[in-house]
Amino acid sequence: MSVPLTLLGLLEREPSHGYDLKRDYDAFFGRGKPLPYGQVYATLGRLARDGKVVAGEAEPGDGPERKRYVITEAGVTEFEHWLTEPVSPEPNLQTVLFTKVVLALMLGRDAEVYLNTQRAAHMHRMRELTDLRRKGALVDALLADHGLFHLEADLRWIDLTTARLDALAEAVRP
């Protein structure tokens, strides 16, 4: 997730205070991992330094004075480029799952135990996401579907790898 580009997109919608940007980010994109305030303001500072946003004058409010940030033409251009650029469809070929299996086999450890433990963790997460899909709002359901599809692919890989452990062990051991 690109925090700077996401904030630019939120600012293209409307000028906002850092607090409002954090709230909207967390509501739509921060599922389970809220954006720290420090990261919001550090990112806004870098975007301002790079000419992608400008900060208005400090405004009095109920709490500390706040600045309203506005996206610049350079910010709109960068956001538009990012938005229209397709995400690379190539899968990440060096995953943690793969690395753990290969290292376990290289070291003579039982990779099948690891794969079974990982399968159980995936199944648990899939149950959580299925529940979220049933009970959540549309945004939550779509995010849950995305996660479920990736977990299903991982489970297929885990099953295939389990079936090929002996051959893989032969290929990676010295």
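A residue counts as partly exposed when its relative accessible area falls between the limit for buried, under 20%, and the limit for exposed, over 50%. Glu78, at 31% relative accessibility, therefore counts as partly exposed. The structure is a predicted model.

- Four residues, Arg13, Asp20, Arg23 and Asp24, are linked in a network of salt bridges.
- Asp24 and Arg13 meet through their side chains in a salt bridge, with 2.4 Å from N to O.
- Asp24 lies in helix H2 (residues 18-28) and Arg13 in helix H1 (residues 3-13), so this pair ties together parts that are 11 residues apart in sequence.
- Asp24 counts as buried, at 10% relative accessibility, whereas Arg13 is partly exposed, with a relative accessible area of 46%.
- Asp20 forms a salt bridge with Arg23, and their closest N and O atoms are 3.1 Å apart.
- Both Asp20 and Arg23 lie in helix H2, where they are three residues apart, about one turn of the helix.
- Asp20 has 16% relative accessibility and counts as buried, while Arg23 is partly exposed, with a relative accessible area of 44%.

**The salt bridge of Lys52 and Glu78**

- The side chains of Lys52 and Glu78 meet in a salt bridge, at 2.5 Å from N to O.
- Lys52 lies in the loop between helix H3 (37-49) and strand S2 (53-55), and Glu78 lies in helix H4 (residues 73-84), so the pair ties together parts that are 26 residues apart in sequence.
- Lys52 counts as buried because its relative accessibility is 16%, which is under the 20% limit.

**Packing of H2 and H3**

- Two packed helices are described by the angle between their axes and the distance between the axes.
- The axes of H2 and H3 cross at roughly 120 degrees and come within 10 Å.
- That angle makes H2 oblique to H3.
- The crossing in which H2 passes H3 is right-handed.
- On the H2 side, Gly18, Tyr19, Leu21 and Lys22 meet Tyr37, Val40, Tyr41 and Leu44 in H3.
- By type, the residues of the contact of H2 with H3 divide into six nonpolar, one polar and one charged.

How values were computed: Residues numbered from 1 in each chain as written. Predicted model: local features only at pLDDT ≥ 70, side-chain atom pairs only at ≥ 80, totals over all residues. Heavy atoms only, no water. Helix = DSSP H or I, 4+ residues; strand = E, 2+ residues; numbered from the N terminus. Buried < 20%, exposed > 50% of the residue type's maximum accessible area, 1.4 Å probe, protein only. Axes fitted to C-alpha atoms, helices over the stretch in contact; angles between N-to-C directions. Parallel < 35°, antiparallel > 145°, perpendicular 65-115°, else oblique. Left-handed = near helix turned anticlockwise from the far one by under 90°. Contact = heavy atoms within 4.5 Å. Nonpolar A, V, L, I, M, F, W, Y, C, P; charged D, E, K, R; others polar.
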